[in-house]
Amino acid sequence: MHTLWLAEIGADDLDRVGGKAASLGELAGAGLPVPSAFVVSAGTYRAFIEDTGIAEALFDAVDVDSDDSTALAGAAERAQELILETEVPPAVREDVLAAYDEMGDGPVAVRSSATAEDLPDASFAGQQDTYLNVERPDLLDRVKECWASLFTQRAIYYRNEQEFAHDAVDIAVVVQEMVDADKSGVLFTSHPSTGEPTTIVEAAWGLGEAVVSGTVSPDNYVIDRESGEVTEVSVAEKRVMCVRGEDGQTVERSVPDEKRDAQVLDEDELGRLLELGERVEAHYGSPQDVEWAIYDGELYLLQSRPITTIDDPVEAAGSAASADGGAMEGQSDDVRLSGIGSSPGTATGAVRVVDKLDNLDKVEDGDVIVTEMTTPDMVPAMKRAAGLVTDQGGMTSHAAIVSRELGVPAVVGTDDATDRLRDGQTVTIDGDMGTVQVGEHEGATDDSGDGATTAPSADARAAPTDSQHAPVKPMTGTEVKVNVSIPEAAERAAATGADGVGLLRMEHMILSTDKTPARYVEDHGERAYVDEIVEGVRGVAEAFYPRPVRVRTLDAPSDEFRQLQGGEDEPAEHNPMLGYRGVRRSLDRPDEFELELRAFARLYELGYDNVELMLPLVTDAEDALRAKSLMQEAGIDPEKRNWGVMVETPASALGIEALCEAGIDFASFGTNDLTQYTLAVDRNNTNVADRFDELHPAVLELMGQVVATCRDHGVATSICGQAASKPEMVKFLVDEGVSSISANIDAVRDVQHEVKRVEQRLLLESVR
Ligand code: PEP
Ligand code: MG
């Protein structure tokens with residue numbers, strides 16, 4: 001028999017039917033309302049490739065060096081062709097069609113269910129295809145396409161990376177009745193951060209994809225499980241919904257006006273969802289994260305997974321408090337140096353003074369790097385270090401950004417640490433207070449807050465453990481995203497539970513090669529340059545998939561490029577901040593820009609449809625239109641891909657209407673630059689640092705106008721400058737109706753709470 005009904009399957013059948021089908025079978029067996037389905041077993045796929053004699057050719061075809069992108073593309077094409085062009089044996093054909101006829105004759109969803117569930121979730125989930133609205137004549141082709149999706153470039157690449165044999169993975173296919181949802185969403189059977197007995201429901205119009213992928217801000221309902229009372233209702237503005245398009249694929253539509261601000265769920269539906277949650281949790285014996293849908297008044301359960309994010313907030317808050325308190329106590333008269341606390345946490349370790357020419361190998365696990373200013377090639381050493389101290393730099397310097405992302409406590413801008421500290425000396429640094437003390441000081445705790453006075457090891461740090469990094473998030477209508485500058489920080493950034501990446505700065509990937517783009521291409525060729533970008537972005541896009549990752553095209557000023565090999569060819573500029581950087585440089589060097597665009601096109605080919613393209617330092621709509629036509633030339637369809645601009649110049653803020661008309665999907669405030677250009681205050685000049693104020697009324701006025709105009713045009717707005725971490729800025733922007741806020745890794749948790757607070761106040765005000 002080639003097919004199995006859900007009723008015949010349970011959680012133990014992973015090898016026979018893959019992870020997705022096993023979990024659906026388990027839920028159906030518990031009497032829960034899972035839409036009817038049968039499964040084309042994993043054994044059927046295996047028999048198909050073996051009995052038709054294609055297995056050997058298939059596994060030979062994918063035996064390639066996956067870092068060779070041409071070979072990888074060829075392997076995927078050949079493997080898929082072998083499967084798609086081979087006839088399904090008649091016995092399989094008959095069994096599948098007979099099962100379909102027995103289920104009824106309506107449209108079905110055809111979903112892949114791979115057996116290799118022991119690969120990390122993030123790397124495997126969502127890689128295989130799902131087809132919606134499939135009718136009988138296309139059913140067998142779609143099943144074959146699911147089989148073939150085991151051999152996309154991305155899947156082959158990942159199995160190679162994980163050293164997972166290609167022939168050790170099988171694939172089953174779930175054929176399930178379509179639930180053309182009127183409304184859908186997710187439900188947490190217990191509070192996802194505190195574990196309290198409250199059920200939380202998120203709901204939006206249409207299909208669940210919109211909620212799960214984060215394209216829509218859903219309504220949020222809190223139900224007290226003991227009394228059954230609905231204690232909180234937050235109705236979001238729901239601008240888009242996912243529906244089935246004519247060709248069966250999911251498409252985004254705008255929500256009709258009368259439904260935008262309407263509450264999705266009524267009391268009766270919430271009662272039924274509460275009951276469903278109780279049954280699922282009782283069946284598994286642990287809190288669950290459930291996907292549900294309502295179609296024609298019927299409630300369906302689509303998927304359930306355990307909630308793994310419940311932590312103990314009391315303990316987390318306690319450890320944070322003791323770390324801070326301890327540091328204050330330790331801060332006595334013997335503070336040797338002070339600077340800007342630019343990456344929170346405290347650490348004790350041996351000083352390693354590193355100058356630019358020095359061999360970084362001398363930095364060992366647990367050392368404190370002391371340097372004039374970090375350079376991109378120091379990142380590997382920074383990963384090993386317990387802490388970082390620099391002479392120069394501010395909150396937005398390379399050192400500050402990178403150490404925050406790595407979770408390494410840092411004090412920057414001490415002026416003379418490299419003169420005053422000696423190699424081997426033990427120091428204790430406090431990245432909150434901005435102090436460096438000689439010796440081992442009480443209260444210097446490692447990240448776990450257990451009171452140890454030794455420096456945290458790089459390994460201990462790798463797992464996000466403190467309250468800021470715990471993967472638990474308050475639910476907010478406004479999305480809270482995270483900024484990433486170095487691909488190495490991707491996993492930590494993803495673990496914050498952020499709704500995506502609001503800014504991935506591409507220049508750090510280039511700067512870390514130590515060569516200017518032109519020199520890199522000269523030495524290694526265009527393909528290697530494109531691969532360098534693809535590799536850097538891919539790590540982040542994968543860690544966040546399917547959450548969106550906004551990748552910014554190159555934006556390094558000529559003075560940063562000058563430090564690299566090939567830098568001697570950079571133009572000499574009196575004022576690099578007002579000079580040759582951002583999109584203006586890209587438009588002036590279309591050949592170099594094209595290579596970046598090729599990297600985007602390749603990422604889309606690899607299946608990273610969560611990648612978005614963002615243009616920096618745009619002056620006006622003409623910049624955007626010129627970049628848009630270069631995107632088209634590079635094979636990127638601006639209608640299909642999300643792209644947008646940074647609003648960093650007063651000109652772009654004042655000209656936002658024309659930018660919206662140019663077709664952007666989003667505008668994101670780069671307040672570091674918007675502030676410097678509005679106030680005429682060089683962001684790197686300490687003489688005028690006290691005048692640098694992102695909350696200046698002139699800056700806020702520009703921002704408020706942009707949000708309002710974008711809202712009128714259905715264009716999303718965001719902030720990704722440093723000011724996103726300031727509570728006053730969060731309050732201002734949420735009040736104005738911004739779509740998302742993108743903060744540094746260390747600030748994500750606080751911003752989530754601040755956003756939640758502001759949203760609740762707005763709701764309260766609206767009902768008072
Ligand atoms: C900004 O200008 O606010 C921004 C986020 O870009 P960068 O700091 O990279 O210039
Ligand atoms: Mg900027």
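Which residues does Ser718 touch, not counting residues up to four places away in sequence? They are Arg550, Ala667, Ser668, Phe669, Val738, Ser740, Ile741 and Ser742, where contact means heavy atoms within 4.5 Å. Welcome to this predicted model, in which local features need pLDDT of at least 70, side-chain atom pairs count only at pLDDT 80 or more, and totals for chains, interfaces and linings use all residues. Residues are numbered from 1 along each chain as its sequence is written, chains are lettered from A and ligands numbered from 1 in the order in which they are written, and side-chain values use heavy atoms, with hydrogens and water left out.

**Around Ser718**

- Ser718 sits in strand β28 (residues 716-719); strands (E, at least two residues) and helices (H or I, at least four) are DSSP runs, numbered from the N terminus.
- With 1% relative accessibility, Ser718 counts as buried (buried means under 20% relative accessible area, exposed over 50%, partly exposed in between, with a 1.4 Å probe and protein chains only).
- The side chains of Ser718 and Ser740 are joined by a polar contact of 2.9 Å (a pair of N or O atoms within 3.5 Å; within protein, one must be able to donate a hydrogen and the other to accept it, and residues adjacent in sequence count only if both atoms are side-chain atoms).

**Strand β8 and its partners**

- Strand β8 (residues 219-224) is largely enclosed by the rest of the structure, because five of its six residues are buried.
- On one side of the pairing list is strand β7 (residues 198-205), which runs antiparallel to β8 and is joined to it by six bridges; strands pair if DSSP finds at least two bridges between them.
- Within that pairing, Val201 has Tyr221 of β8 as its bridge partner.
- Strand β9 (residues 230-234) also pairs with β8, in the antiparallel sense and over four bridges, and Val222 stands opposite Glu232 there.
- Five residues lie between β8 and β9 in their hairpin, and Gly228 in the turn has a positive phi of about 75 degrees.

**Nonpolar cores**

- The largest nonpolar core has 150 residues, and Leu139, Phe151 and Met703 have the most contacts inside it (a core is a set of buried Ala, Val, Leu, Ile, Met, Phe, Trp, Tyr and Cys residues joined through side-chain atoms within 4.5 Å).
- Helix α20 (residues 526-544) gives this core its largest share, nine residues.
- Apart from it lies another core, of 36 residues, including Val17 and Leu301.

**A buried glycine**

- Gly407 lies in the loop between α14 (398-406) and β19 (410-412), and is buried, with a relative accessible area of 8%.
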